Amino acid sequence: MKGRELYQIWVYLAETPLLWLTATLIAYVIGERISRGFSRHPLANPVIIATALLVTLLAVTGTPYPDYFAGAQFIHFLLGPATVALAIPLWRNRTQVRRNLLPMVAALLAGSLTAVASAVAIAWMLGAPREILASLAPKSVTSPIAMALAEPLGGIPALTAVLVVLTGVLGAVVVTPLMNLMRIRDFAARGFAAGVASHGLGTARAFQVSEEAGTFAGIALGLNGAMTAIIFMFASLFL
Amino acid sequence: MLEALTLLFVCQLAGEALVRLSGLSFPGPVLGMAIMLGVIAIAGRTGANLERVADTLLKNLSLLFVPAAVGVIQQIDLLAANWLAVIGAVVGSTVLTLIVTVYVFRAVARAISRP
């Protein structure tokens, strides 16, 4: 009898958005705790931990992704307003931004083109089909933008979302050791590179390293979203 | 609080609407960010509530990527069939982009500081 009651409670809860919304928050809180426990080591990334926990949970309970997303979409939705919110640190740091305007514009152009062209070129050389190439091309910009850009070129928005997160996590893991190896001590430049290459997740990492790096990463994330959209607009004229 | 959040939504909505109306393939949230920046520039300041809402959203930015990341569960077949190209492109391109961006930033910054 007990088991049957539990099953009924499960069936009821699984149908409301509350269950997977809450599960996502709990998984992330656990990921955050573990990340802090390892004193923010780049490999103990809260997104990797939360995703692994949730994927395991979905697999064990046999929950299809659309059912999960019905609840989790409320979190996903906030990516749009969060993108708009980037205007605030941009305004707050306008004097720094103006002072570094020229290096930023040059680095943005170079980085944005490198991100799109190198991803497509490498995947093409390794034999990826067109849908993969189109899904990969905008991988360095934040997901709502990347998904909107990939679709008209024949990409799969859901795949793009995954590739965007993969790129973000990788950038967050690799940026600090790589910059130390290159002996770059300019935190504005380091942060800016993190934002161009790996959007919001690179930005989150940069904020952990230094406030200055995080600010420039946030600016880069916003600017690269716009820049990549412009590259795609021009590219679509020739494709 | 509520007003600040509403302002963010209004800017995004305006951005999305303008993109639809113009028929340009430009992301609405980015245009929304530009509109938000315009609004702040006209007002000449941001206000404590807007700062607080924006900082809360941006401080927890990583969380917002989790629902999309869990989508990996649906793409496993496609990823497995193309794993080499995907891993090669993501790793190669991300490292290359970091190096190119930071190098160009430093090179230009040095060039202007030494006229």
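Is S39(A) buried or exposed? Hold that thought for a second while I cover the ground rules. This is a predicted model, so local features need pLDDT of at least 70 and side-chain atom pairs count only at pLDDT 80 or more, while totals for chains, interfaces and linings use all residues. Residues are numbered from 1 along each chain as its sequence is written, chains are lettered from A and ligands numbered from 1 in the order in which they are written, and side-chain values use heavy atoms, with hydrogens and water left out.

Okay, back to S39(A). This serine counts as exposed, at 64% relative accessibility. For the cut-offs, buried is under 20% relative accessible area, exposed is over 50%, and partly exposed is in between, using a 1.4 Å probe and protein chains only. S39(A) sits in the loop between α2 (17-37) and α3 (46-61) of chain A. Its phi is near 35°, a positive value in a residue other than glycine.

H199(A) has a positive phi too, about 35°, and again we're not talking about a glycine. This histidine, though, is in helix α12 (residues 187-209) of chain A, and it's buried, with a relative accessible area of 0%. When I say helix, I mean a DSSP run of H or I with at least four residues; strands are E runs of at least two, and numbering goes from the N terminus.

Now chain A as a whole. How many helices and strands does it have? We get 13 helices and 0 strands. The radius of gyration is 20 Å, which agrees with the value near 18 Å that a compact globule of 239 residues would have. That radius is taken over C-alpha atoms, and the globule rule is 2.2 Å times the number of residues to the power 0.38. The C-alpha atoms of chain A fill a box of roughly 70 × 45 × 35 Å along the principal axes.

Of the 239 residues in chain A, 55% are buried. If you take its contacts with a separation of 6 or more, 64% are between residues 24 or more positions apart, where a contact means heavy atoms within 4.5 Å. Chain A exposes about 10600 Å², with carbon and sulfur atoms supplying 69% of it; those areas are Shrake-Rupley with a 1.4 Å probe, and for residues only the protein chains shown count as cover.

On to chain B. Here we have 6 helices and 0 strands. The radius of gyration of chain B is 20 Å, well over the 13 Å that the globule rule gives for 115 residues, so this chain is more spread out than a compact globule. Its C-alpha box is roughly 50 × 50 × 35 Å along the principal axes. Buried residues come to 43% of the 115 in chain B. Among its contacts between residues at least 6 apart in sequence, 41% join residues at least 24 apart.

The largest one has 61 residues, and Y68(A), V165(A), L8(B), M36(B) and V66(B) touch the most other members. Take V66(B): leaving aside neighbours within four places in sequence, its contacts are T24(A), Y28(A), V47(A), A50(A), T51(A), L54(A) and Y68(A). There's also a second, separate core of 25 residues, including A107(A), L178(A), A193(A) and F105(B).

Two more residues before I stop. H76(A) is in helix α4 (residues 65-77) of chain A and is buried, at 17% relative accessible area. Not counting residues up to four places away in sequence, H76(A) touches F69(A) and M147(A), plus L64(B), P67(B) and A68(B).

And then T176(A), in helix α11 (residues 157-181) of chain A. This threonine is buried as well, with a relative accessible area of 16%.

Definitions and conventions: Core = buried A, V, L, I, M, F, W, Y, C linked by side-chain atoms within 4.5 Å.
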